[in-house]
Amino acid sequence: MESKYNPAEIETKWQQVWAEQGLDRAIENPDQPKFYALSMFPYPSGNLHMGHVRNYTITDVVARVRRMQGYRVLHPMGWDAFGLPAENAAIDRGVHPAQWTYQNIDQMRAQLQELGLSYDWEREVATCAPDYYRWTQWIFIQMLQMGLAYQKEAAVNWDPIDQTVLANEQVDSEGKSWRSGALVEKKLLRQWFLKITDYAEELLQDLDKLPGWPERVRTMQANWIGKSTGAQVVFKTEAGDALPVFTTRPDTLWGATFMVLSPEHPLVEKLTAPDRVAAVDDYRKAAAAKSEIDRTAEDREKTGVWTGSYAVNPVNGAKIPIWIADYVLMGYGTGAIMAVPAHDQRDFEFARKFDLPVKVVVQPEGDVLDGDTMTAAWAGEGVMVNSGPLNDIPAGKGEAESVPAAIRWLEANKKGQGESNYRLRDWLISRQRYWGVPIPVVHCPECGIVPVPDEQLPVTLPEDVEFSGRGASPLAQLGDWVNVPCPTCDRPARRETDTMDTFIDSSWYFLRYTDAQNPEQAFATAQANGWMPVDQYVGGIEHAILHLLYSRFITKVLRDRGLLSCDEPFERLLTQGMVQNTAYKNPKTGRYVAPEDVADPAHPVDPQTGDALEVFYEKMSKSKYNGVDPKAVLAKYGADTARMFILFKAPPEKDLEWDDADVEGQFRFLNRVWRLVTEYIATAGANGGSPAGDTAADLSKDEKNLRRAIHTAIQAITEDIDGDYQFNTAVSELMKLSNALTDSATKASPVYAEGVRALVLLLAPFAPHLADELWHQLGHSESVHRTPWPVFDPSALVVDEITLVIQIMGKTRGTLEVPADSDKAALEQYARESEAAQRYLTGKEIKKVIVVPGKLVNFVVAG
């Protein structure tokens, strides 16, 4: 028997045993309740960081407990493997993206296995593998057939030097290309979109079906969908062209004094007067070089240029000028707004700058606003004026107020229509890059857009590709790959050369896991329905909007296609906090300093400048020099210690502050558990004590107290795991139980044997290697992870006796063990007869007796 805890030896041994036994393989048994535990899968960068370790450990504890509680558990892992970093590696290092990606996957898989995570590796997926992206392409074709996939022109980031499209990540904070340094332009290209807006209302309403999600995340999604109600109103140009506008305040139409179009609006060229062409063209070029954030910033000075044309206000026939301004975006609404400067601050600032009229249509109670003298827009309540049929109606959205009245008038007079609008835009999925899923369509001059037939999927990525980062997409430069016969008419046609946004890969991977080895289908409906929805999803808050929203959208689409029965993919969501560590920063230069370069941590200074450094906790990062390599922690302490620290240091949803001393503390605790169990085995032998049965009446006081501690721990840890996953308090309960066993004076008792057994079982999800080793040494042949989770005995928690405190004038003078069910009179009698009372009260007059049931008796004496 081992005399010393050796985590390296134990963990290697049990990881091999578990793999050989297929211990973590998901069981397809419909008679068992199911539990689907899932961590957001990683991008294979090549190395795990502590954020990964935290995410995966949290999910692993849940999965392990549910197995022990009798659930059939699906707990898979895979790789979100397409994306820009692999293509950059190909450009920088001359390594093919596939080679780079699969090397990283192999490396990270080995690191995950060292952590003892209970994954069903037989269901592993990599989104860059043809046998996965075949089905991503198939799902795209389903959406094309449903009318949910389409092409239209949209703006992209264009590098004018390298003549290539850039991802947002490739544009720096100054709007320049990361590679050429050129000022990036906006260019219109035909792009593929998915009609997520068709599902906007359901995506919004179904947030109410997700009580297991953090309120913060549901609010973020609702705000992103951004529903607003109002009216669509069509203005006409003098030439008769329609300029539809959506407004949430149709009651202020009578106050519209000009219109503003996005510089990208398709009618701008037609509306521009000959003498305005140069000014308009210059302005459009300048706008194209700005980011959306810059263009829409509230504190930015308003800019714009008049087109030289006018529109007709449909409610009063007024002729109003048409301007273009960069704060209006083509991607939001209709790309055109009516400007009501008296009641919108942005419009007001624009009007004042360009000397445009301001017309008041809402007067506040008790005041008279004048458009010529106003110093700011009035956006508050009031009464409608100068508004024809709306005059004297209270301004507002209530049923008896101006907004509903305006919509009724517009509809009755066929001037507009009440409708809801959403901030949510259709999902642009086109990427002009190589390392992604090829969009499976062919462009035929005769037949138009033709989907690739199912039997020809997957459309695989060619391997003989040159990566330069310049020119068109690498795929577009491969004539042999691009030029193909049309699947319908067999005439010469061209493949689509765009690849898909990688968010598509991650928007359905959880479905593939349910049937990962199926060569004939993306997943069998029965399999998916048998496991879905995911019962517990764990990942970072940074994915609160896009990944989760897209996953919800794709789930609903596939449900409507008859492939699924669930409405939502993730029943419960946990967004774990960040892992932080001490960072040193020079506040004058903004430069971070590595801890090893700080000579005196108590008085840290910049070794280069001598400036005093700021010291604070910040998210672990290479650039902050505050990362901790999981490999180093595992090498020194083992995976079980790393897991215990991660779980103990903070509740899972809170940020975790790294502390080497606390890691050492968890290592010492596991050593104490090792000694406690191995010393017990050495004394009693394997199976050397039978757990206490139904003989509580025969137990001594010490045995009853120990048994109470055992079942208190079982109850508390179970509640911590079944509730809000308070793993930190669960680990504290493990420590309390360990201490109770260590301090027990009844080590030869069956109750002690029960306690040792319970300690190892309760430890199993947290420190799985150590627990299985100790369970084996206790004489069990079956894995601890296949042993039922302990259930607490309520009778063990019943207290027969309590410790009564005896006080004289508020000072404790002694204690006394008394029956727990004693009433006040009995407690006073026990106290009066106690040795402490006899010693301190003899010869004194008792003026008052204060009895606190279950706790104390206090005697107040005279003088």
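Helices (H or I, at least four residues) and strands (E, at least two) are DSSP runs here, numbered from the N terminus. Okay, so what we have is a predicted model, where local features need pLDDT of at least 70, side-chain atom pairs count only at pLDDT 80 or more, and totals for chains, interfaces and linings use all residues. Residues are numbered from 1 along each chain as its sequence is written, and side-chain values use heavy atoms, with hydrogens and water left out.

Most residues other than glycine have a negative phi, and most peptide bonds are trans. Now look at P533, in the loop between α16 (525-531) and β24 (536-539): M532 and P533 are joined by a cis peptide bond, omega about 0°. There's also a cis bond from L457 to P458, with omega about 5°, and P458 sits in the loop between β20 (448-451) and α13 (479-482).

On to phi. N386 isn't a glycine, yet has a positive phi of about 50°. You'll find N386 in the loop between β15 (383-384) and α12 (402-412), and N386 is partly exposed at 45% relative accessible area (buried is under 20%, exposed over 50%, partly exposed in between, with a 1.4 Å probe and protein chains only).

Last, a sheet. Four strands run β6-β5-β7-β17 in an open, antiparallel arrangement; strands count as paired if DSSP finds at least two bridges between them. β6 (164-166) and β17 (427-428) are the edges, each with a single partner, so one side of each has no neighbour in the sheet. Inside, β5 (149-159) and β7 (185-194) pair over 10 bridges, with V156 opposite K187 in β7.
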